[in-house]
Amino acid sequence: MTKKVLVTGATGRTGSLVVKKLQSNDYGWQVVPFARSSRKAQEIFGNTDNFIFGDILSLEDVSIALEGCEKLIILTSAVPKMITPPSEGKPPEFDFETNGKPEQVDWLGQKNQIDSAKKAGIKHIILVGSMGGTNENHPLNRLGNGNILIWKRKAEQYLMDSAINYTIIRAGGLLDKPDGKRELLVGKDDEFLASPPNGIPTSIPRGDVANMVIQALNNPFAKNKAFDLISQPENDDTSISIDWDALFQLA
Ligand code: NAP
């Protein structure tokens, strides 16, 4: 019987890539996408086959979705919305939707997922977070006064303390650029932000993050690791091959 993995945030920009890659390649996992909007799922995927709809703020919704799954990929996140564009030298202002603040989504929502996973006997959780969490004064924390990186870190710690195997991927700035064309670099403790290797941008295509997430499902060296992830700039059109074992061992 094929093993099942639940992907939350399945209609998100990185989550939808993870779902599509798992649906179109045989990695040995049946994907169960979890999202809150069937309309959005229909728009992105053209169908809602195997989707489970619900809210991560509902323990019951997540528990139902996790039934029969062996692993969980968490790709949910609060999404800041610009409410006032920049003007006359003033920076833009951001806010979050009702019940969509980082404390709710990135802390309580992730905690719900981890608690439900524990009850369901989930063996491994792969969580995508963000670089920058070592700096309480990071500008992202000021967006909508949401302290987003602080709440994300709190959830990461909760996962690390949960006794469930984890892989925490703290991505650099996400790019909507083609994947599979760049070398990936793993680091720790925001060292890339303090000192980018050769001054490169501390960013990475969403598709490359999705590839790392999927590799973490099966790689023996991926468990109980939390690391930063960026990419080298793309320098030509050729695809590169990645030594995933070496990358996870380095992490
Ligand atoms: P995204 O597109 O913002 O997706 C977030 C997902 O969370 C969406 O699918 C959203 O649902 C879902 N969600 C939010 N609240 C929910 C709720 N209550 N119940 C169920 N689902 C809920 O994500 P992304 O930009 O691909 O980012 C992926 C991860 O990388 C995030 O953790 C992000 O913080 C992190 N990251 C981002 C950057 C960057 O440059 N943006 C940099 C580093 C790390 P809907 O689809 O219905 O809205």
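**Notebook: ligand shell and a few residues**

I started at Lys152: an N or O atom in its side chain is 2.9 Å from an oxygen atom of the ligand. I count a polar contact as a pair of N or O atoms within 3.5 Å; within protein, one must be able to donate a hydrogen and the other to accept it, and residues adjacent in sequence count only if both atoms are side-chain atoms. This is a predicted model, where local features need pLDDT of at least 70, side-chain atom pairs count only at pLDDT 80 or more, and totals for chains, interfaces and linings use all residues. Residues are numbered from 1 along each chain as its sequence is written, and side-chain values use heavy atoms, with hydrogens and water left out.

The side chain of Thr11 has an N or O atom 2.7 Å from an oxygen atom of the ligand. Ser77 uses its backbone: an N or O atom there lies 3.2 Å from a ligand oxygen. Alone, the ligand exposes 920 Å², and the protein buries 86% of that (Shrake-Rupley method, 1.4 Å probe).

Next, the shell. I found 23 residues around the ligand, taking a residue as near if one of its heavy atoms lies within 4 Å. The closest are Thr11, Arg13, Thr14, Lys40 and Arg206. By class, the shell has seven nonpolar, ten polar and six charged residues. Here Asp, Glu, Lys and Arg count as charged, and Gly is among the polar ones.

Which elements give two or more residues to the shell? They are strand E7 (124-130) and strand E9 (173-175). E7 gives the most, with three residues. Strands are DSSP runs of at least two residues (E), helices of at least four (H or I), numbered from the N terminus.

I checked Thr167 in strand E8 (residues 165-171). Thr167 counts as buried because its relative accessibility is 0% (buried is under 20%, exposed over 50%, partly exposed in between; 1.4 Å probe, protein chains only). Its side chain makes a polar contact of 2.8 Å with that of His124.

Ser116 lies in helix H4 (residues 102-120). Ser116 is buried, at 1% relative accessible area. Ser58 is 58 residues away in sequence and 10.0 Å away, C-alpha to C-alpha.

**Positive phi**

Most residues other than glycine have a negative phi. I noted Asn50, with phi near 70 degrees. Asn50 sits in the loop between helix H2 (38-45) and strand E3 (52-53). Is Asn50 buried or exposed? Asn50 is exposed, at 51%.

Asn147 has a positive phi too, about 50 degrees. Its place is the loop between helix H5 (139-142) and helix H6 (148-160). Asn147 counts as partly exposed, at 33% relative accessibility.
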